[in-house]
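I opened this notebook to record what I looked up in one protein structure. The entries follow the order in which I took up each topic.

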Amino acid sequence: MGILKNLEPGKVFEYFEEICSIPHGSRDMDKMTDYLVGFAKKFGLKFIRDDRGNVIIFKDASGTNVTEPVILQGHIDMVCEKEDGSDFDFLNDGLKLMIQDGFVTADGTTLGADDGIGVAYMLALLADDSIVHPPLECVFTVDEEIGMLGAEVLDMSVLNGKKMLNIDSEVEGNFVVSCAGGAIAMPSFPIIRRGAQGERCKIVISGLIGGHSGVEVQMGRANSNVLMASLLKELLYLDDSLRIVAVDGGFKDNAFPIKTTAVIVTKNAGLIEGEIDTVFGNIISDYSETDPDIKISFERIATGSEEYEALTDVQKAYPLDEMNNLSFIMAFESLPNGIQAMCPDDTSQVQTSLNLGILNTSDDKIDLSYCVRSSVNSDKEKLLQDIEDITRSAGGEMSVEGVYPGWAYDPDSELTKIMCDTYKEMYGKEAVIEMIHAGVECGFFADRIEGLETISFGPNIYDIHTFREKLDIESTKRVWNYIIEVLKKLS
């Protein structure tokens, strides 16, 4: 501890460093929830902890007689991505923080400033009695990164505030006032395994840039799972003896996967080895600028070799039988991905998209997980139906979870006016009002709390959901001062 001890604002970075020392990937929330409960008890603050792990901490007004509360909100889970080859254990290890060129970053992993810094801001406010503010209702939600599952089940009837500051955006001075709705689509394909002659081989696609599939969808970055789907189809045309044993890639449905591995059995390993670079080169020709370091490796693995012993049990299993193999590869390659429609009224804005973020093979099935987003509900439902139709045509099934509502822009919001005016007063320039394609938890709150005004903002965070993620130190300080001023205006 103490890597960030000389940074300002001191309390914000102190709490951020404590958060980074606690494992808190999605679905691994107990330690972080315990930490928040311990914090509330330490400061004698009323709190609620629900069965899912969401925590709400309440604080009375300070320096004002205003009685209407302000809701502050952020999520306590982080996306767990790491550099290829890293042995970092997100379940047990604290992040290894570094300060580089005015930024806080982590050594070879995501930093979790999305949304650890928002949580740190709230804790610093709750711990400081010298700051003028109205009553605070600080909401800490779990599992935002895997479909906003915490916000989905949160009992919001305990909240009395009608203005909410969501501290979960990544560009300073850009205020998010609307977002798309979404869902997680999970196709699953049953496996029929059968013995087959041939060599076992391992194909790895890696070196992709990655990123957030909502915030950065317009950047046109590659998806390693989708590249593998195209490659397997082309290789099957080249060699009809090819059989999949296992195919795996990605960890989060809302992040572009950066590495995908396929283990196959083939009678024509030499043919594939000689042609794979050419075939793959044609597939990635459109990504020379967005993902210049994409690479592919092909390895022939002899039974009993050191490389064979390094395979997982599933990768050592029998391959799919001929018809099962064919139907899966055709469906896998046919499933949609990426931008599906742009907004007709503003062609610079994405209306509908999806991202194949997770691909996983077990003994008896291959599971996929897509993050589906659209600002038009009917388009979202049609896209989900299209995925299900393709899946069922190949003998699979599909489930849907993490459905969340869109959030409509309110041009008459008093909160938006106060925040924009305050920003201009402090920094001499206009704030940018944004309607984004990525999902924001504000949608759940606006949907359930009648008359709620809400806005999402935050300091500059770059390359979120990748191991290059970094938090701007000076921006963190400016946003802290801005939060204090906004709360004063609301007091």
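**Entry 1**

I began with a charged pair: Arg 392 makes a salt bridge with Glu 388, and their closest N and O atoms are 3.0 Å apart. I note at once that the model is a predicted one. I then asked where the two residues stand relative to each other in helix H9. They are four residues apart in this helix, which spans residues 377-393, so about one helical turn separates Arg 392 from Glu 388. I also looked up the accessibility of Arg 392 and found a relative accessible area of 46%, which is partly exposed.

I turned next to Asp 421, which forms a salt bridge with Lys 417. The closest N and O atoms of this pair are 2.8 Å apart. Both residues belong to helix H10 (residues 414-427), where they are four residues apart, about one turn of the helix. Are the two partners buried or exposed? Asp 421 has 36% relative accessibility and counts as partly exposed. Lys 417 has 54% and counts as exposed, because the cut-off for that class is over 50%.

**Entry 1: Further salt bridges**

I recorded another pair, Lys 424 and Glu 430, whose side chains meet in a salt bridge of 2.8 Å from N to O. Lys 424 is partly exposed at a relative accessible area of 42%, whereas Glu 430, at 53%, counts as exposed. I also found a network of salt bridges that links Lys 163, Glu 414 and Glu 453. How many salt bridges are there by this rule? The count comes to 23.

**Entry 2: The chain as a whole**

I then considered the overall make-up of the protein chain, which has twelve helices and 21 strands. Its radius of gyration is 24 Å, close to the 23 Å that the globule rule gives for 491 residues, so the chain is as compact as a globular protein of that length. Taken along the principal axes, the C-alpha atoms fill a box of roughly 80 × 50 × 40 Å.

I asked what share of the 491 residues is buried. The value is 57%. I also looked at contacts between residues with a separation of 6 or more: 79% of them join residues 24 or more positions apart. For the surface, I noted that the protein chain exposes about 20,100 Å², of which carbon and sulfur atoms supply 46%.

The protein chain carries 42 positive and 83 negative side chains. The centres of these two sets lie 3 Å apart.

Asn 65 counts as exposed, at 76% relative accessibility. I also checked its position against that of Pro 134, which is 69 residues away along the chain. The C-alpha atoms of Asn 65 and Pro 134 are separated by 7.7 Å.

**Entry 3: Cis peptide bonds**

I examined two peptide bonds. The bond from Glu 8 to Pro 9 is cis, with omega near 0°. Pro 9 is placed in the segment before helix H1 (10-20). The bond from Asp 114 to Asp 115 is also cis, with omega near 5°. Where is Asp 115 placed? Asp 115 is in helix H3, which covers residues 113-127.

How values were computed:
Residues are numbered from 1 along each chain as its sequence is written. This is a predicted model: local features need pLDDT of at least 70, side-chain atom pairs count only at pLDDT 80 or more; totals for chains, interfaces and linings use all residues. Side-chain values use heavy atoms; hydrogens and water are left out. A salt bridge is a side-chain nitrogen of Lys or Arg within 4 Å of a carboxyl oxygen of Asp or Glu. Buried means under 20% relative accessible area, exposed over 50%, partly exposed in between (1.4 Å probe, protein chains only). The radius of gyration is taken over C-alpha atoms; the globule rule is 2.2 Å times the number of residues to the power 0.38. Contact means heavy atoms within 4.5 Å. Accessible areas come from the Shrake-Rupley method with a 1.4 Å probe; for residues, only the protein chains shown count as cover. Lys and Arg count as positive and Asp and Glu as negative; His and the chain ends are not counted. The place of a charge is taken as NZ of Lys, CZ of Arg, CG of Asp or CD of Glu.
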